[in-house]
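I opened the notebook to look up charged side-chain pairs. The entries below follow the order in which I checked them.

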Amino acid sequence: LHKRKALRVQFCELSQVSSLSINRGRARTMMQSVLFLLLAAAVLMSTDAKGLSQMAQFKKSKEQEMMISMKNKVRDGELRETLKRLAEGSADLHALPTEDLLYLSEACLSAVRWRVETGQVVEVRETAVKKKKKPAKVVQAKVEIEEEEEVVEEEEEVVEEEEEVVEEEEEVEEEEEEDDDLISELAKKSVDLSTLGTDELIGITNMMLRDIEGHDWKDIGKWTLEEIILLGLVEREKMPTLCTLPEITFDCITALSSAARSGMTEARTTMALNIGSFIYSARQRLQCQAEYEFDAASENDEDDPKPLALRPLHEISEFCDEEETDVPLLVKNSREEVTKDGKVKIFGPQTIGAYEGHQFEVWTASNDGDDKVNSSPEVCTSGKKPVTVIIGTPNNSFETAVHALERVLLHRETVLIKHNSLREYLYDPYYIILGPLIRRGYVQQVLDKHVPSRTKFLSHPRVGRVHVAGTQQTITSVAEELAVSRPSLQSGDIHNMISTDHTSVIPAVVSPGTYSEVELKRMIDLIVMSKKSNGGCDPTAVQVVVLPQEWPLKAFFKEKLEFMLNVYPSTPSYCPGSIERRDELLEAYKLLGEGRAFLLEPEESAKDSRGKEKPQVPMEQRIAIIDCGTFGEADFNATALQTAALGPVLAYVELPGGKSFDDANKWLQNIAIPFLNDKTQILGSSSVVLATPPSQLKNVTNAAVGSLEYVSIAVNTPPSIALPYVSLMGGMRGSYPAYKQDNGFLGNVHGFPNVLKTVTYGPALDYNPNYRGNMKV
């Protein structure tokens with residue numbers, strides 16, 4: 001409307017609008033609130049009911065009836081009285097059927113449009129009331145009365161301020177009560193979910209896949225714009241004016257830079273690809289489970305199959321309908337090998353369609369017993385199921401949704417999502433993508449609030465599992481809150497209530513040997529791409545490079561690596577505290593001696609492919625190079641190995657030996673791998689990168705993979721592929737050994753028993769020097 005005629009409407013009479021209860025996720029209440037505003041606009045822009053009747057000729061018959069009915073209802077100023085009642089309680093709106101609400105909304109909106117188009121707009125202006133000047137001579141008594149009135153006014157202001165404080169406290173109490181209500185509602189729905197037929201779950205997955213293919217979620221709430229702001233591709237203060245409108249328009253997109261537009265496209269693609277991949281994998285398992293249940297019902301002469309305990313896919317693959325379900329090769333192929341830990345069963349390999357030349361395997365502890373389907377399958381019970389609370393991850397846009405889907409679809413647990421403050425804008429797209437689950441009451445969402453609110457719903461007795469991503473301090477804080485409200489539980493029980501993908505230090509170990517210049521460049525590219533993305537704050541970023549002390553190519557490798565870190569494009573870190581952690585490590589290592597820590601200095605004459613000088617890298621994006629020293633020597637310092645920097649920090653560690661190619665197996669097995677497996681030296685066991693030359697014997701690589709105690713091992717590929725994407729297709733992520741810790745892993749959509757690790761293999765380092773050209777995202 002603002003394009004046709006400037007309107008200055010002051011809703012001073014409608015201050016009670018804020019009293020309406022607008023609850024996110026409840027579309028009907030939102031519609032009622034929107035209708036209230038439309039009714040208000042109709043009143044301010046039409047002084048009588050004449051406009052409503054005159055515009056009837058422009059509408060269809062059903063809408064005409066509604067407008068005539070509305071005209072009769074609001075005659076003689078009744079509409080103003082109706083608005084007053086609505087503002088006080090909105091009882092009339094809540095009593096109206098949904099169909100009447102829709103027609104009434106259209107009628108009000110049409111009335112506003114008609115008044116604008118015909119020029120019959122009442123412009124409501126703010127009027128300033130001027131006080132009359134007091135006469136020069138004022139009786140003393142009148143002055144005293146005015147002073148008393150001022151004192152009374154001041155007292156009334158104090159009372160009003162006190163009432164506002166009370167109202168704020170009541171709002172906090174209402175929010176905490178709402179959290180309790182959400183948990184209680186989810187607890188009630190858990191009974192329905194536990195007895196829901198597998199076919200119905202399959203139907204839900206089909207609806208979600210359909211919604212992902214649609215377009216309703218892709219720009220809702222301007223979440224893609226918020227995503228590129230968070231990633232530093234555009235500054236909020238420098239946002240084009242066209243992008244400040246309530247919705248993303250084509251004009252807004254064209255006004256952005258090419259990098260920002262690409263970032264928005266990548267945000268949508270990443271969300272759809274990752275969430276869709278997990279739903280598709282879960283549907284495969286559910287489809288085979290449904291056939292298995294049908295077969296079990298037929299054997300027992302039952303008409304309707306009962307929902308049975310979900311079986312691992314490899315155990316029930318023989319029941320799968322080949323026409324409907326494409327059983328993945330990861331499940332079909334398996335072999336057994338003997339490692340230092342004993343016999344292992346390896347599933348796969350499975351190719352990764354989005355990345356050319358990549359494949360992965362799942363390693364499990366071998367079970368010598370019969371792992372076929374039990375003859376008497378366990379029936380799903382309708383008893384109390386725990387409610388899972390997911391404290392949203394700040395790492396990316398899809399992981400929180402995937403964790404929720406895993407708990408609902410595979411474990412039949414209801415879920416409360418508490419969004420992280422950095423990515424609260426994911427509420428709206430999640431509401432559409434997870435809509436089939438939200439509408440059934442199996443999933444609820446809340447925005448990030450204060451710590452007491454978190455404590456409130458964590459203390460609810462029906463909360464049985466909490467997923468949290470973050471630092472060890474965050475995990476410890478959650479564990480303490482759970483322990484306070486559950487004094488009867490042991491620390492081990494509290495530990496098992498928490499599933500976590502906590503941050504760890506990811507090392508990249510270089511196997512000694514002979515590398516060509518092309519192979520070295522490819523290996524360096526893997527590290528640089530991992531380190532420069534989002535300023536190194538991504539938990540999948542490499543933080544430590546482990547080198548053989550006597551490797552002849554060591555100095556050349558470091559020089560080329562630091563050069564590429566300088567010239568490769570940078571994006572800022574969005575993780576809170578990353579720059580402070582970088583600076584603290586810098587200061588700590590500078591005290592150890594010259595050359596132990598420094599910031600990379602950008603090349604002054606660095607030019608891009610078009611010959612233009614590149615802009616200077618801001619101080620907050622410059623990478624700190626840390627030299628931890630040689631393990632075993634007096635000046636060795638492991639602080640950078642035990643601190644998850646989550647920012648622009650890269651550390652070197654040298655291990656004795658590794659002079660020649662023939663020493664590779666001995667160096668890996670006797671020196672490098674024992675060091676990496678020692679958690680007193682290096683933090684965490686989530687992921688490790690193993691770089692090997694094409695000339696290295698396969699049995700040397702296999703032996704190294706078998707000995708590494710990490711849940712995700714990436715061979716000649718960055719952990720950004722091995723960790724998030726592989727875990728959606730049946731792989732794992734978490735802590736080693738996964739199967740010995742109830743909270744140790746995430747993923748495993750196919751349900752493999754006793755999982756040890758996931759191994760992802762990239763193409764050989766001599767495959768193609770232009771590594772990025774082989775990524776088919």
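Which residue forms a salt bridge with Glu654? I looked it up in this predicted model. The partner is Lys554, and the closest N and O atoms are 3.1 Å apart. I then checked where the two residues sit. Glu654 is in strand S13 (residues 649-655), while Lys554 belongs to helix H21 (residues 554-567). The pair links distant parts of the chain, 100 residues apart.

Next I counted. The structure holds 15 salt bridges.

I turned to Arg268. Its salt bridge is with Asp219, with 3.0 Å between the closest N and O atoms. Arg268 lies in helix H11 (residues 258-299), and Asp219 is in the loop between helix H8 (198-213) and helix H9 (223-230), so this pair ties together parts 49 residues apart in sequence. Is Arg268 buried or exposed? I found a relative accessibility of 16% for Arg268, so Arg268 counts as buried. Buried means under 20%. Asp219 comes out at 27%, so Asp219 counts as partly exposed.

Then I checked Glu235 and Lys238. Their side chains meet in a salt bridge at 3.9 Å, N to O. I noted 43% relative accessibility for Glu235, which counts as partly exposed. Lys238 is exposed, with a relative accessible area of 63%.

Last entry: a network. I found Arg335, Glu337 and Glu361 linked by salt bridges.

Definitions and conventions: Residues numbered from 1 in each chain as written. Predicted model: local features only at pLDDT ≥ 70, side-chain atom pairs only at ≥ 80, totals over all residues. Heavy atoms only, no water. Salt bridge = Lys/Arg side-chain N within 4 Å of Asp/Glu carboxyl O. Helix = DSSP H or I, 4+ residues; strand = E, 2+ residues; numbered from the N terminus. Buried < 20%, exposed > 50% of the residue type's maximum accessible area, 1.4 Å probe, protein only.
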